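Open the structure in your viewer and keep the selection tool ready. Each stop below says what to select and what is there.

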Amino acid sequence: MPQKLTARNSLAAQPADGDLLHVVDVSDSTDSPEGSSKKITYANLVPDASTSVKGKVELATSGETITGTDTTRAVTPAGAAAAFQPLDSDLTAWAAKTAPSGTVVGTSDSQTLTNKILTLPIFTNGAISFNTPRGFLINGKFTVTDTGSGITVALKTFAGTDPSASDPIYVNHNGTIRTISATLSTTVADGTNFFNAGSTELATKEIDYFVYLLWNTNLVGGAGFEIGWSRIPYGNVISDFSLTSTNEKFFLQVGAAPASTDAVENIGRFAATLSAGAGYTWSVPTYTALNLIQRPIFETRPLSFALTITGSMTVASPVIVLSQYIISGQRCKVDFSFTVTTSAGPGNEIRFVLPFTPPAGSVFNGSAGDATSVAAWGYMGTSTIVYWRRYDSSNWGTGVGRGPSGLIEYGI
């Protein structure tokens with residue numbers, strides 16, 4: 001008599017892959033080999049799992065999970081924890097794990113991550129190629145300080161410290177990537193009319209100075225960097241400047257006199273003021289993004305100058321409407337407008353001093369005012385004084401409201 005399936009004993013162990021299982025069709029009443037009840041091997045009943053087939057799978061050990069090469073076993077939570085190094089809930093320490101070598105970055109919720117500097121070999125010539133424009137600094141800036149008895153311009157790292165072998169500054173200087181790894185500064189004392197900046201026209205007025213890095217081939221011990229500054233922005237070699245301290249094209253540096261062919265690179269611009277008189281005292285403003293530029297720049301801001309007005313007749317009571325200039329590359333642009341009261345004439349010239357010397361023989365156009373507005377023209381009477389005449393060189397006449405106006409531009 002057939003025995004019911006429910007009456008059979010339970011299997012004591014997992015079947016082997018080749019063991020047969022009886023699949024019973026409850027509607028099969030014959031229980032004969034030809035009936036609808038069938039047999040199946042255990043291996044075919046539950047296939048191995050894959051990325052496309054559901055099935056049975058073996059669990060990976062922690063060691064297999066850490067190794068990370070097995071493609072057939074499944075990862076458990078314990079195995080995943082063994083393979084990763086998590087931080088604790090505050091993200092300040094390694095949670096029950098072996099910490100890696102070095103310092104954990106971040107010890108509080110408000111901590112700011114510090115800058116990291118690439119090691120020296122990264123920027124050594126030949127080790128890496130990058131297209132930094134000439135004069136741009138990597139990890140560098142300059143500072144300008146009123147010492148109380150002069151002025152100091154110094155090169156500093158981004159962190160505000162002097163460059164060193166472990167924290168250098170790099171610059172594309174004349175097409176060569178050079179390293180600055182030592183203190184670099186220039187200090188000059190009060191008492192000299194540097195750049196003619198203490199003249200009647202410019203004293204107490206802010207002047208924009210262009211900062212240069214000089215590769216001085218005449219330094220004791222061999223060629224090296226100096227930092228200096230000038231009123232002109234277009235210098236490429238020392239011969240572009242004057243080495244006379246009171247000249248408006250002076251290049252200020254304090255080391256050994258450089259060779260005329262020594263190269264310079266414009267790295268930025270700062271504003272400063274020189275007082276009038278024998279004191280010629282330096283002072284600096286509060287620096288902003290307008291008057292301190294930390295990149296190569298070749299133009300000043302619109303700067304003011306004092307109009308020193310004379311004439312071939314007596315002039316008095318000047319009314320200044322506008323007197324400013326811009327130096328852009330190798331050009332100076334002067335925008336001016338004023339009138340005076342003339343007497344003890346007649347005379348046909350009204351004169352004033354320009355803020356930067358133009359070439360000899362320069363001639364300018366403008367407009368003139370007296371009883372009627374007419375054209376005017378100017379020419380260089382001396383090295384810095386421009387003489388203004390009415391269009392026909394006739395007399396300006398006497399009275400109020402006499403004077404020229406115009407926008408003139410000339411090479412420097």
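Start with one definition: a residue is buried under 20% relative accessible area, exposed over 50%, and partly exposed in between (1.4 Å probe, protein chains only). Now the ground rules. This is a predicted model, in which local features need pLDDT of at least 70 and side-chain atom pairs count only at pLDDT 80 or more, while totals for chains, interfaces and linings use all residues. Residues are numbered from 1 along each chain as its sequence is written, and side-chain values use heavy atoms, with hydrogens and water left out.

**Stop 1: the whole chain**

Select the protein chain. It has 3 helices and 22 strands. Both are DSSP runs, numbered from the N terminus: helices are H or I with at least four residues, strands are E with at least two. Of the 412 residues, 36% are buried. Take the contacts (heavy atoms within 4.5 Å) with a separation of 6 or more: 58% of them join residues 24 or more positions apart. The chain exposes about 22200 Å², and carbon and sulfur atoms supply 55% of that. Accessible areas come from the Shrake-Rupley method with a 1.4 Å probe; for residues, only the protein chains shown count as cover.

**Stop 2: a sheet of strands**

Select β4, β5 and β8. These 3 strands form an open sheet in the order β4-β5-β8, with antiparallel pairing. Two strands pair if DSSP finds at least two bridges between them. Which strands stand at the edges? They are β4 (140-146) and β8 (184-189); each has a single partner strand, so one side of each is left without a neighbour in the sheet. From one strand to the next, the twist averages 15°. Such angles run from 0 to 180 degrees between N-to-C directions, with axes as lines fitted to C-alpha atoms, for helices over the stretch in contact.

Zoom in on β5 (residues 150-157) and β8. They are joined by 6 bridges. Pick Gly150: its bridge partner in β8 is Ala189. Pick Ile151: its partner in β8 is Val188. Now colour the two faces of β8. Leu184, Thr186 and Val188 make up the covered face. Ser185, Thr187 and Ala189 make up the uncovered one.

**Stop 3: two positive phi angles**

Most residues other than glycine have a negative phi. Select Asn139, in the loop between β3 (137-138) and β4. Its phi is positive, near 65°. Is Asn139 buried or exposed? Asn139 is buried, with a relative accessible area of 9%.

Next, select Asn174, in the loop between β6 (169-173) and β7 (176-180). The phi of Asn174 is also positive, near 55°. Asn174 is partly exposed, at 43% relative accessibility.

**Stop 4: salt bridges**

Side chains of opposite charge can pair when their charged atoms come close. In a salt bridge, a side-chain nitrogen of Lys or Arg lies within 4 Å of a carboxyl oxygen of Asp or Glu. The whole structure holds 11 salt bridges.

Select Glu58 and Arg73. Their side chains meet in a salt bridge, 3.4 Å from N to O. Glu58 lies in the loop between α1 (42-45) and α2 (62-67), and Arg73 in the loop between α2 and α3 (77-83), so the pair ties together parts 15 residues apart in sequence.

Jump to Arg134 and Glu265. Their closest N and O atoms are 2.6 Å apart. Arg134 sits in the loop between α3 and β3 and Glu265 in strand β11 (residues 264-274), so this pair ties together parts 131 residues apart in sequence. Arg134 is partly exposed, at 40%. Glu265 is buried, at 6%.

**Stop 5: aromatic rings**

Rings of Phe, Tyr and Trp (its six-membered ring) pair if their centres lie within 6.5 Å; planes under 30 degrees apart count as stacked, over 60 as edge-to-face and the rest as tilted. The structure holds 20 aromatic pairs.

Select Tyr209 and Trp282. They form an edge-to-face pair, 5.8 Å centre to centre, with 65° between the planes. Tyr209 is in β9 (residues 207-216) and Trp282 in β12 (residues 282-283), 73 residues apart. Both are buried.

Finish with the cluster. Select Phe194, Phe195, Tyr209, Trp229, Phe250, Phe270 and Trp282: they form one aromatic cluster.
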